[in-house]
Amino acid sequence: MGCSHPATPQAGSHRKEMQIRSAVVTVSISVPRGIKMNCWSETARPCAPKCAPERHGGRSKPPRLRRVFVALLHIMILCVLAASTAANAATFHAIIIGDTHAADIGKSVQADVRMARNFANGIAEHFQTKSIHVLTGKDATPQAAKTAISHLDLGLDDFLFLYYSGHGTTSRSDSPWPLLGLGEGIEAQELLLHVGSKVPSRYLAVFDACNGAEEMPARRSPASSDFNTEQVQRLIKSLKGNVIVTSSKAPYVSYADAGGRGSRFSTTFFSTVADVLTSPASTAKWDQILTNVVQQTENAAGTKKQSPKFLMTRQ
């Protein structure tokens, strides 16, 4: 196929015969004097000559520049699409630390770590990708904890869950968060500062440890980790700030079950949060959930006082 632009010849006009050859066709066009012809035939596209007649010195964009322009436009569109896809590829990060080598509470901490992993995996199912690091036994050291945090690479849509279970005591720096019993000890506040320098978006930090030395009943098992998508979106993905929780206010201890069924606080925390995440009808917000956790922990303590503390920047 081809295209031609006939013009009615005038007396004394001269006609030029020119041929355009592509990879497939040959086209003959008669062009009257005074008309400039720019024809572009792409050999990779048979039967696609583009004729652009212009009169009296008009200018046409050169074919090579046009091809460059189109190629750049395609690249820009691909970049926008790639950026949009990357923005939606949210990752759930978790760092779970357990002092499982502790002779007196090691079995209980192991149960806490299992609950934390189940919780993390249940939430991660609602993200595109996940990155879950567990530090227990000899791997649970202050340096390993700081290294795991320093290796975080979080995007704006990512979420971090930081969890610790083990021994602890009152902070040496007047922080409301405990001194964690890893190695020679590390302030929970120090870990939070490391997190704050790496996390541009949201995180949930939970410390189940004694927060002092001043002085377990049976409890229900944590709810299923089959979390509701809308509830994960509401409580986790749409969280506007940070939530930090510790199992005891200073200067009180936190209690673990001698039978290895888990710590009083962790069992209550994961059960309460899971109940909300598995209930499509629940409208409970983080402040309501954590207030409930505090009340249940205090009620379970009896004469052995244990009262959790939480802080929220925004919901």
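Which residue forms a salt bridge with lysine 146? That is the topic of the first close-up below, and the model in every view is predicted.

**View 1. Lysine 146 and glutamate 190 pair up in a salt bridge.** Glutamate 190 is the partner, and the closest N and O atoms sit 3.5 Å apart. Lysine 146 is partly exposed because its relative accessibility is 21%, and buried would need a value under 20%. Glutamate 190 is partly exposed too, at 30% relative accessibility.

**View 2. Aspartate 139 meets lysine 138 in a salt bridge.** Here the N to O distance is 3.6 Å. Lysine 138 has a relative accessible area of 67%, so it counts as exposed. Aspartate 139 comes in at 42% and is partly exposed. With this pair and the one in View 1, the count comes to two salt bridges.

**View 3. Strand E9 (residues 159-165) is mostly covered.** Seven of its seven residues are buried.

**View 4. E9 pairs with strand E7 and with strand E13.** Strand E7 (residues 91-98) runs parallel to E9, with seven bridges between them. Isoleucine 97 has tyrosine 164 of E9 as its bridge partner. Strand E13 (residues 202-208) also pairs with E9 in the parallel sense, again over seven bridges. In that pairing, leucine 162 stands opposite alanine 205 of E13.

**View 5. Three strands make an open antiparallel sheet in the order E10-E11-E12.** Strand E10 (168-169) and strand E12 (186-187) are the edge strands; each has a single partner strand, so one side of each has no neighbour in the sheet. Strand E11 (residues 179-180) is joined to E12 by two bridges, and this pair runs antiparallel. For leucine 179, the bridge partner in E12 is glutamate 187.

**View 6. The whole chain, for context, has seven helices and 15 strands.** The chain is 315 residues long, and 43% of them count as buried. Its accessible surface comes to about 16,800 Å², with 53% of that belonging to carbon and sulfur atoms.

Terms used
Residues are numbered from 1 along each chain as its sequence is written. This is a predicted model: local features need pLDDT of at least 70, side-chain atom pairs count only at pLDDT 80 or more; totals for chains, interfaces and linings use all residues. Side-chain values use heavy atoms; hydrogens and water are left out. A salt bridge is a side-chain nitrogen of Lys or Arg within 4 Å of a carboxyl oxygen of Asp or Glu. Buried means under 20% relative accessible area, exposed over 50%, partly exposed in between (1.4 Å probe, protein chains only). Helices (H or I, at least four residues) and strands (E, at least two) are DSSP runs, numbered from the N terminus. Accessible areas come from the Shrake-Rupley method with a 1.4 Å probe; for residues, only the protein chains shown count as cover. Two strands pair if DSSP finds at least two bridges between them.
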